[in-house]
Amino acid sequence: MGAGPGDPKLITVRGLDLLKTADVVVYDRLAHPSLLSHTLPSAEKIYVGKASAHHSMKQPDINAVIVDRALQGKSVVRLKGGDPFVFGRGGEEAEHCKQHGVPFEIVPGVTSAIAAPAYAGIPVTHRDAASSFSIVTGHERDDSRESGTRTAGVAEQRRQWGKIAHAADTLIFLMGVEALPDIAQRLQENGRAPETPVALVQWGTWARQRVIVGTLADIVERVQSANLKPPAVCVVGEVVNLRSTLQWFDNLEQRPLFGKRIVVTRAREQASGLSDLLRAKGADPIELPVIQIRPVEEFSEIDKALLSLNEYDWVVLTSANAVPVIAKRLEALGLDGRAFAGTKIATIGPATAQALKEQLGLRADFTPTEAVAEAILEQFPESDLKGKRFLIPRALEAREVLPETLRERGAEADVIPVYETVIDAEGAEALKTEFENGGVDIITFTSSSTVRNFVQALSPQDPSKAAELVKNALIVAIGPITANTAREFGLEPHIVAEEHTIPGLVAAIESRYIKEAIHA
Ligand code: SAH
């Protein structure tokens, strides 16, 4: 199966379907790791990564593992970067399956040969510049080192540079970084003009994409001084000039957060909305599910309340996390949204209102303009709360300001915990590694509990150490309450969003970088 060139959204629909149900996934380093989050929790994930000089698993062992698992009756996905039949050894692996009586199917993928140039703004054909393209390998066989048989003589004999140089208007080399000096020289020797434009696109379609542009005459020097390493696609031909007009993916005007590594500390279930928005602005979100949302184990209290909802004047939802739990309990009780018929609903912010609409088909009666508990109280549509009954289904640990103030104003408030947030150990470990490697530009906090859990995950014994670890990153809080919690842990927010929503948070980060770009 082709994983596509990197951008995790460039996998095919067929590929994704199979990934979601596979028992075993055998993958290498050019497939984006976040694709693995689609797999079943029970799936066996086998890394057989390849960096051109040191293979972590040799081809015969890869073949063996695929066939072995398949013969155990398991469904195996062999996930490969780009397209499996473009220098991907997909053919060899399929042959091996065939020999052992393992049935297979081929899921093509978007190849880096075309997609990496596309993300650099280089079309491989163009009516004015090229009517053909050719995809060529920079190594004759990429196992030459592995088997120790590489000799320049033999490899060179198989390469007919006279033909390659004129095979097409656009020449695309894969695995060509190491051999670049050779490629540039041979093409010129065989009649390609020294001023022919050349581009190298490293990590094409990934948020860490880098592009170096030059000519056959100077590209080697440029690539060396930029210290550009594999993986990269090398494109040779007039089409490279179109980048000056068509550059989009790494265009900072269009996508101001390009290349920024941003930690998203929402719980796993909620991370993707924020990540998608950041990605659309060019950022590379690092999803660290520091907290997980877990429904409480004991449902008797919430069930009782849901069975007598008409006794409440208002249900107040202080987080979207409560909505799926309520939906599940209604279902279990044989009820549906009509149980809310006599009751009004307040939601703390638009995301909660939307969850309510999507998951229960209900419209919120009231949502304050600012998503904090204080705003619910200040802007509440009824002024006389005496004797009114409120139901507040929420997290096990939460601030008391809402129920306490309601009670002060003469209302009755039933607080019922319906979910809790817990630390995700795997996510915590990954988080530490990211910071130790110094690869984080920005940290986002979307609630006080994400701050607390983040700090606890990074440094469970000594919370003050967390601030030290993250000192080079920009800290962004969704609103003033979250910002205060961050300060309590010595994490002074550099940005506090004016609008306390996920889009508001992204807009705040963006405007900071736009301003920086203008000043720079
Ligand atoms: N089957 C893959 C190619 C595998 S060969 C495909 O269709 O894309 C490995 C080579 O592919 C690398 O050396 C590099 O030249 C290229 N490559 C793969 N992914 C790439 C990416 N995201 N950016 C740039 N080059 C990439």
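How do the residues of the shell around the ligand divide into nonpolar, polar and charged? There are 12 nonpolar, 5 polar and 1 charged; here Ala, Val, Leu, Ile, Met, Phe, Trp, Tyr, Cys and Pro count as nonpolar, Asp, Glu, Lys and Arg as charged, and the others, Gly among them, as polar.

A quick note before the views: this is a predicted model, where local features need pLDDT of at least 70 and side-chain atom pairs count only at pLDDT 80 or more, while totals for chains, interfaces and linings use all residues. Residues are numbered from 1 along each chain as its sequence is written, and side-chain values use heavy atoms, with hydrogens and water left out.

**View 1. The whole chain.** The C-alpha trace spans about 90 × 60 × 50 Å along its principal axes. Of the 520 residues, 50% are buried; buried means under 20% relative accessible area, exposed over 50%, and partly exposed in between (1.4 Å probe, protein chains only).

View 2. Val86, Thr111, Ser112, Gly204 and Ala232 come nearest among the 18 residues around the ligand, where "near" asks for a heavy atom within 4 Å. Domain 1 (8–109) and domain 2 (113–252) each put at least three residues into the shell, with the bounds coming from an automatic or database domain assignment.

View 3. In the side chain of Thr111, an N or O atom sits 2.7 Å from an oxygen atom of the ligand. Ser112 has a polar side-chain atom 2.7 Å from a ligand oxygen atom, and a polar backbone atom of Gly204 is 2.7 Å from a ligand nitrogen atom. The protein buries 93% of the 540 Å² that the ligand exposes when taken alone (Shrake-Rupley areas, 1.4 Å probe; for residues, only the protein chains shown count as cover). A polar contact is a pair of N or O atoms within 3.5 Å; within protein, one must be able to donate a hydrogen and the other to accept it, and residues adjacent in sequence count only if both atoms are side-chain atoms.

**View 4. Gln202 in strand 8.** Gln202 lies in strand 8 (residues 197–202). It counts as buried because its relative accessibility is 8%. Its side chain reaches the backbone oxygen of Lys229 at 2.9 Å.

View 5. Ser37 counts as exposed because its relative accessibility is 57%, whereas Thr39 is buried at 9%. A polar side-chain atom of Ser37 lies 2.7 Å from the backbone oxygen of Ser34. For Thr39, a polar side-chain atom is 2.6 Å from the backbone oxygen of Leu36. Ser37 and Leu19, 18 residues apart in sequence, are 9.6 Å apart C-alpha to C-alpha.

**View 6. The largest nonpolar core.** Its 25 residues include Leu317, Phe340 and Leu360, which have the most contacts inside it; such a core is a set of buried Ala, Val, Leu, Ile, Met, Phe, Trp, Tyr and Cys residues joined through side-chain atoms within 4.5 Å. Among the elements that each supply at least two residues are helix 11 (300–307), strand 14 (314–317) and helix 12 (322–332). Helix 12 gives the most, with 6 residues.

Methods: Helix = DSSP H or I, 4+ residues; strand = E, 2+ residues; numbered from the N terminus.
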